[in-house]
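Reader: I'm new to this one. Can you walk me through how to read it, feature by feature?

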Amino acid sequence: MAYESMWETGGAVAAADLRPDIPHPARRYDYYLGGKDNFPADRAAAEKALAANPEFRSTARANRGFLTRAVRCVADRGVDQFLDIGTGIPTAGNTHEIAQTADPAARVVYVDNDPIVLSHARALMAGSGSGRTTVIHADLREPDALLDSVRAADLLDLTRPVGLVLAAVLHFLRDEDEPYRAVTTLLDALPSGSHLVLSHGTADFIPAEIRDRVTGVYDQATAPLVGRTRAQVHAFFDGLDLLDPGVVTVPLWRPDDTPAPGADRVSMYGAVARKP
Ligand SMILES: C[S@@+](CC[C@H](N)C(=O)[O-])C[C@H]1O[C@@H](n2cnc3c(N)ncnc32)[C@H](O)[C@@H]1O
């Protein structure tokens, strides 16, 4: 559904678009985080994935903690507008809430390709600050069209630094979807001083047998799950200035508290970088 038509329908999305019979990443992730916005097919797929790898739930929570700390860091560095692609279903600590804590006037454009996320647009908009927030339906696999939609929304000033947030979304792009080209295309459209917040699932710490079972579950869903190695995740930051501590497992990125044992083997890498 296009941005305009979403507004014509007042933010409502036709039930037929939701495809409750097919497990969706946003709804499965919502289930891992303890949310209520998921259907039986999502819960069944999530339970299968959890049976294969019980760490999915703690990894989702660790990723959410990373997102909070990373957006806070970028906002503290003076960035007051964010483009958050692969938004997910609203839960506690959404990007606009974090950014608007640092600067109540901060603006956020959310982008997702899942209609159920759009159906939550109004909830997302209810920020506490004076900053504006909007939600766009677009696909990261088509970055040029995505940028056109962002420009059409006319909320972000792309001549000023933007915080580009790609949290736990790039692992839904297969190599043939050209994930590196997508990131480069987006960064090329943003000025110096922009920041990239990125987290990405990895199978680096998962035994091959579990990996195959998890991949099987996700292959039946609308989006595959492509774990990438630390070096492959690092490559998304080529040409950028990585902030300390670089690419690490998400609980180890500037933790607020002492990380729990095993934090260095959580199956999600994260990092933040500045565009020079
Ligand atoms: C695991 S959730 C991550 C949510 C949030 N970014 C976070 O880190 O907590 C992944 C989100 O990416 C969205 N997504 C998956 N593939 C996408 C694509 N090709 N384009 C846009 N969004 C996509 C899903 O619909 C889902 O909402």
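Author: Let's begin with polar contacts: a polar contact is a pair of N or O atoms within 3.5 Å, and within protein one must be able to donate a hydrogen and the other to accept it, while residues adjacent in sequence count only if both atoms are side-chain atoms. Here, a ligand nitrogen atom sits 2.6 Å from a polar backbone atom of Gly86. Another case is a ligand nitrogen atom 2.8 Å from an N or O atom in the side chain of Asp139. Tyr29 has an N or O side-chain atom 2.6 Å from an oxygen atom of the ligand.

Reader: How much of the ligand does the protein bury?

Author: Accessible areas come from the Shrake-Rupley method with a 1.4 Å probe, and for residues only the protein chains shown count as cover. The ligand taken alone exposes 600 Å², and the protein buries 98% of that.

Reader: Which elements give two or more residues to the shell around the ligand?

Author: Elements are DSSP runs numbered from the N terminus: helices are H or I with at least four residues, strands are E with at least two. The ones you want are α2 (25-32) and α4 (56-76). In total, the protein chain has 11 helices and 8 strands.

Reader: How many residues surround the ligand, and which are the closest?

Author: A residue is near a molecule if one of its heavy atoms lies within 4 Å of it. That gives 20 residues, with Tyr29, Asn63, Arg64, Gly86 and Asp112 the closest. For sorting them, Ala, Val, Leu, Ile, Met, Phe, Trp, Tyr, Cys and Pro count as nonpolar, Asp, Glu, Lys and Arg as charged, and the others, Gly among them, as polar. The shell divides into 10 nonpolar, 5 polar and 5 charged residues.

Reader: What sort of model is this, and what is its mean pLDDT?

Author: It is a predicted model, where local features need pLDDT of at least 70 and side-chain atom pairs count only at pLDDT 80 or more, while totals for chains, interfaces and linings use all residues. Residues are numbered from 1 along each chain as its sequence is written, and side-chain values use heavy atoms, with hydrogens and water left out. pLDDT is the predictor's confidence in each residue, from 0 to 100. The protein chain has a mean of 86, and 86% of its residues reach 70 or more. Over residues 1-16, though, pLDDT is below 50. Where pLDDT is low, the predicted coordinates should not be read in detail.

Reader: Is Ser199 buried or exposed?

Author: Buried means under 20% relative accessible area, exposed over 50%, and partly exposed in between (1.4 Å probe, protein chains only). Ser199, in strand β5 (residues 195-201), counts as buried because its relative accessibility is 0%. Its side chain makes a polar contact of 2.6 Å with that of Asn63. Across the protein chain of 276 residues, 53% are buried.

Reader: Which residues does a cis peptide bond join?

Author: Asp244 and Pro245, with omega about 5°. Pro245 is in the loop between β6 (241-242) and β7 (248-249).

Terms used: Contact = heavy atoms within 4.5 Å.
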